[in-house]
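Reader: Please take one interface of this model and go through it closely, giving the cut-off behind each term as you use it.

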Amino acid sequence: MTILRATDIGISFGGVKAVDGVSFSVSSGQILSIIGPNGAGKTTLFNIVSGIYAASRGTIHLADEDVTGLSPHKLAARGLSRTFQNLQIFQRMTACENVMVGRHLREKCSLLPALFRTPSVTRQNRETRTAALDLLAYVGLKDVANVPAGSLPYGACKRLEIARALAAEPRVLLLDEPAAGCNAVETEEIDHLIRQVADRGVAVVLVEHDMKLVMKISDRILVLERGRPLAEGTPREVRDDPKVLEAYLGQHGAREAARA
Amino acid sequence: MGARLNQRFMILAILAVVIAVLPFLFPSSYYFRVASLVWVSALAAIGLNILMGQAGQVSLGHAAFFGIGAYAVAIGPTHLGIPPWAALLIGAALSAVLAYLVGRPILRLKGHYLAIATLGLGVLVALVISTESRWTGGPDGMPVERLTLFGWRVSGSYTWYWVTGALLLVGTWIALNLDETPTGRAFRALHDSEVAAQVVGVDVARFKLQAFVIAAVYASIAGSALAFMNGFINPDQAGFLHSVELVTIVVLGGLGSVVGSIIGAAVLVTLPQALTIFAEYEHLLLGLIIIVSMIFMRNGIVPSLSGLLLRRARS
Amino acid sequence: MAEFLQFLISGLTVGAVYALVAMGFTLIYNASGVVNFAQGEFVMLGGMVTVFVSAAGVPLPLAAVIAVVAAVVIGLLLHRLAIEPARGASAVTLIIITIGASILLRGIAAIVFDKQFHKLPGFTGEAPIDILGAAVQPQSFWVLGGTAVVVVALYVFLEHTLLGKAVLATAANRLAARLVGINTTTIMALAFGGSAAIGAIAGILVTPITLTNYDVGTLLALKGFAAAMLGGMGNPLGAVVGGLLLGLLEAFGAGYLSSTYKDAFAFLVILIVLFAAPQGLFGRRAVERV
């Protein structure tokens, strides 16, 4: 069942068409990867889908509801979560608190009970903390739960963002270069994590440069070049597409992809 | 989490002990007045700290709300016949409403734009207070009727020391409560990364506004207390210089630290009293304190000191 | 008609002062990203130093030169002692530092000088000139003329000298400027010194009309800032236009609407500009990259 559908998305920045006529759809439990050279508009596309930028044309549907132009927090309320290419963790909060914020939508948040710390607030806090610790364990970060997120190593921060994104129990998860800067071992762990998440029924959309990872876990791949769609299909189809080979993978990339 | 609970309790306990014990060290009523001034300034600073330290916004016009609280309890009883305690509540309500109405557009701004907008707001309020002399007594100020509660006339520096101390304890308790709540986390999250907070479901605009209103109410109540205590107020209480003092207290103590706000107030209120004989040097000293502390103790007293202690403990 | 003309000229005169303050802001903002609250104090120093030095027996023109030099020295000290050490601090911290500096300078002025109002004699006499029924002080022409000279000089400096181009380069992209060998610290010091000079000149020009006292700096800084915002923060032409517009707004507002709330107009302008169009008349909207 198609849970996220983007149709004919376009946006310009001062005359430059960063995204021009891109469409895609994802179903629950499916993994869609968006690849392309730098500047292809991948992160811009993500920013549009997650409500940070407003597209100049096109529509986005979440479970058949038109959510075009909704602000990020409203999209989050409708089950959309994302991580960031440039890491946007809450540096001064602990790892556990980062994930607890992720559960914000699952919490009751009224001001007066918070100011006076009623028993229900304390109880809810305990529940949120437990859920957060579970998620941290899931991504392998339970030991650093009380460490300020700003002092965690890069790979840990990447996993922390994923844990935070999962805390809201989303239907759709957008991952922006989750394996960037990770070594082979870390990438393997991320690969494993993403597959587990998809197996739970979450629709995953991935932006990545690591071709091995992409070819290995994706159900479908969308290739972008200079803001326009270049090819779309299964990993095998995309790998063999001559347009893609010429524009992006090149000879070496094709060999890499074949090895995956 | 048990550790956090202990920390909260410790802070409140130590504060209560300090408030209870200090009178034994005071040789005259003058000291009680200064201490009351510290408690009042600390209360306003704690509120501002929620806005600046937690939610990461800035307000260079915060004395406006302090002034509204002060003038509410002056104008209400004198010109409108409202009982003083009701005037205090009305002042707080007025501040909350103004913060709510103005906060919506103002908090869409960031960085120095927000700083200047709040500054402009503060100056406008002070200007209105200073100009409408029929109501406010103009630049020379006006007297304030004493507070009476259930027939008891609250007056005297000794009494006000305890009243303001109690207010500070309650204010501190509330601010500390926020820490482990969704609201408190939302504030700190939007401070660290507004976009990530939004994406995770935090309605950033709503929470910024909440922080702003909370800070306004704190300042208003503090202003009302000062007005009752002194029996007199003037437009300087709402002025730009006072706003700068409040911001300095918060930053000096350490952004985000409730204890820091109290210590900052203690330093900024008592230091000029201790070091200067002539009131003329007050400006000079304030300016120097601001510059020096912003350059050398950018994070504030409490974070700098605790960082120092942590490093000592490790080595 | 006479009344209209009166407001027009007084508005332009005071607007010229705002324009000069705004230009000072813009120069420093462009070179260092700092919003300098002490800008108004330079104007105050220009007037006050001239008054006190000439009262000590020094001929007026020399006293004025000494005042400008004094302001420049203080501007350089401000940069060296308060801004340089705080490099890397957040925008808000820097604003607070400059506010602290302005309070400090005001405190020193109150002690070194006094708290009274002081006046300078008009450069070409005090007798008002009649223009179509409006009584115009000859000093107004000095103010307008002086401002025009400063604006042209600044324009020539920025656009037609190598040093000026270095300032523009630093404003556009500080890192890139350093990479091509521009000493940005020197540029910033230059900006502070230049702003101080411009402010002091404004103070000397306008003191015969508006008088001066240790406290005039704050309100001037705020209004100058309003003018800079109105024109577009960082745009020198915008600063001039913004200043003149603000002066006119104030004069006509005070004349036709409410004279008691004359000072409020500037702050209303700040708020309206910030809400409606933060980029001002000539600025560009910035897009944030995530």
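Author: Across the interface of chain C and chain B there are 0 salt bridges, a salt bridge being a side-chain nitrogen of Lys or Arg within 4 Å of a carboxyl oxygen of Asp or Glu. The model is predicted, so that local features need pLDDT of at least 70 and side-chain atom pairs count only at pLDDT 80 or more, while totals for chains, interfaces and linings use all residues. Side-chain values rest on heavy atoms, without hydrogens and water, residues are numbered from 1 along each chain as its sequence is written, and chains are lettered from A in the order in which they are written.

Between chain C and chain B, 1 residue pair is in polar contact, with both residues at pLDDT 80 or more; such a contact is a pair of N or O atoms within 3.5 Å, of which, within protein, one must be able to donate a hydrogen and the other to accept it, and residues adjacent in sequence count only if both atoms are side-chain atoms.

In terms of contact (heavy atoms within 4.5 Å), chain C contributes 43 residues and chain B 39 residues. Together the two chains bury about 3,400 Å², 84% of it on carbon and sulfur atoms, where buried area is the accessible area (1.4 Å probe) lost on being put together, summed over both parts. On the side of chain C, the residues that lose the most area to chain B are Ile96(C), Ile103(C) and Tyr261(C), which together make up 17% of what that side buries.

Helices here are DSSP runs (H or I, at least four residues), numbered from the N terminus. Helices H3 (60-83), H4 (91-112), H9 (216-231) and H11 (264-276) of chain C each supply at least two residues of the side that touches chain B, and H4(C) gives the most to that side, with 15 residues.
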